Amino acid sequence: MSGYDDVITKLDDAARLALEVPQFDKESKLSLADAYGIQSASIARRLARGERRVGVKMGFTSRAKMVQMGLSDVIWGRLTDAMYFEEGTDVPRSRFVHPRVEPELAFLLKKPLGGKVAGVEALAAVEAIAPALEIIDSRYRDFKFTLPEVIADNASSSGFVVGGWHAPDQDFSNLGLVMCIDGRAVQIGSTAALLGDPLRSLVAAARVAAAAGEPLQAGWIVLAGGATPAEWIHPGQHISLRMQGLGSVGFQMV
């Protein structure tokens, strides 16, 4: 992406080496289109090193958050296989700069999905659903950033853990959930926080991914967005999520 090579290199190195970097757009002058261009080019460097695209993560899927940030739409990032951690595994703190965690509903697709689709069409493309935990990590120094900077930094997406998959034949629009750290409940919420229904987040994912020339593919995972505020996490902590009807998922940060 011409004109932003230095930014792309710095953000890629920051994610790869878990380094803090200074802000590059403190006045928020960068267009969102250019911010996504930087994100795309940064992820392309990862793919060139052998990583593989495995899906999409959605962000700002709360209406209140959109209004707060002055947005009329969600934001999104790209997932690669290097960001995936097995359920129950040890996740090294050294992989991150400012790690936080949030509870998510994950979709596994059984066929491609792209463009403007209806909810019923999106649901027909879903193979399974599962509880998930996303580790988000802004690489910017002092945890200060603007909206374009967040988007350029892959919407802060850094890692994810997915629980057991279940058939999508149950109503998942309003599933209660509890996220715990070391067995203590730190966030209680519902999947209804995701645009009122997580399926709407999948519909949005199909639209934005196709608009970027990267329609959702069979086998991809779509993280529907944080269902509660994120929590800071530290070495030695065990993080778990229990979701109504879908069981639990967890990991240990070491």
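Biologist: What is the bridge partner of Val56 in S10?
Modeller: Val222 is the bridge partner of Val56 there. Keep in mind that this is a predicted model.

Biologist: Do the strands S1 and S10 pair in the parallel or antiparallel sense, and over how many bridges?
Modeller: Parallel, over three bridges. S1 covers residues 53-59, and S10 covers residues 221-223.

Biologist: Which strand do six bridges join to S1?
Modeller: That is strand S2, residues 75-80. S1 and S2 run antiparallel. In this pairing, Lys57 stands opposite Gly77 of S2.

Biologist: How many residues of S1 are buried?
Modeller: Seven of its seven residues, so the strand is mostly covered.

Biologist: Why does Phe60 count as buried?
Modeller: Because its relative accessible area is 18%, and the cut-off for buried is under 20%.

Biologist: What is the phi of Phe60 near?
Modeller: Near 55°, which is positive, and Phe60 is not a glycine. Most residues other than glycine have a negative phi.

Biologist: Where does Ser156 sit?
Modeller: Ser156 is in the loop between helix H5 (147-152) and strand S7 (157-162). Its phi is positive too, near 65°.

Biologist: Is Ser156 buried or exposed?
Modeller: Buried, because its relative accessibility is 8%.

Biologist: Which residues does Ser156 touch?
Modeller: Leaving out residues up to four places away in sequence, Ser156 touches Ile135, Ile136, Asp137, Ser138 and Val150.

Biologist: New topic. Where is Val117?
Modeller: Val117 lies in the loop between strand S5 (99-109) and helix H4 (119-124). Val117 counts as buried because its relative accessibility is 11%.

Biologist: Which residues is Val117 in contact with?
Modeller: Ala122, Val203 and Ala206, leaving aside neighbours within four places in sequence.

Biologist: How many residues apart along the chain are Val117 and Val203?
Modeller: They are 86 residues apart along the chain, yet their C-alpha atoms are separated by 6.2 Å.

Biologist: Now helices. What does H2 look like?
Modeller: H2 spans residues 32-48, so 17 residues. From first C-alpha to last it reaches 24 Å, close to the 24 Å expected at 1.5 Å a residue.

Biologist: Which residues in H2 are buried?
Modeller: Ala35, Tyr36, Ile38, Gln39, Ala41, Ser42, Ile43 and Arg46. An α-helix has 3.6 residues a turn, so residues three or four places apart point the same way.

Biologist: What covers the buried residues of H2?
Modeller: The cover includes helix H1 (5-17), S2 and H5.

Biologist: And which residue with a positive phi follows H2?
Modeller: Gly50, with phi near 115°.

Biologist: Last one, the five-stranded sheet. In what order do its strands come?
Modeller: The order is S4-S13-S12-S8-S9, in an open sheet with mixed pairing. Strand S4 (90-91) and strand S9 (184-190) are the edge strands, and each pairs on one side only.

Biologist: How many bridges are there between S12 and S13?
Modeller: Six, and the pairing is antiparallel. S12 takes in residues 238-243, and S13 takes in residues 247-253. Across that pair, Ile239 stands opposite Phe251 of S13.

How values were computed: Residues numbered from 1 in each chain as written. Predicted model: local features only at pLDDT ≥ 70, side-chain atom pairs only at ≥ 80, totals over all residues. Heavy atoms only, no water. Pairing = 2+ DSSP bridges. Helix = DSSP H or I, 4+ residues; strand = E, 2+ residues; numbered from the N terminus. Buried < 20%, exposed > 50% of the residue type's maximum accessible area, 1.4 Å probe, protein only. Contact = heavy atoms within 4.5 Å. Expected span 1.5 Å × (residues − 1).
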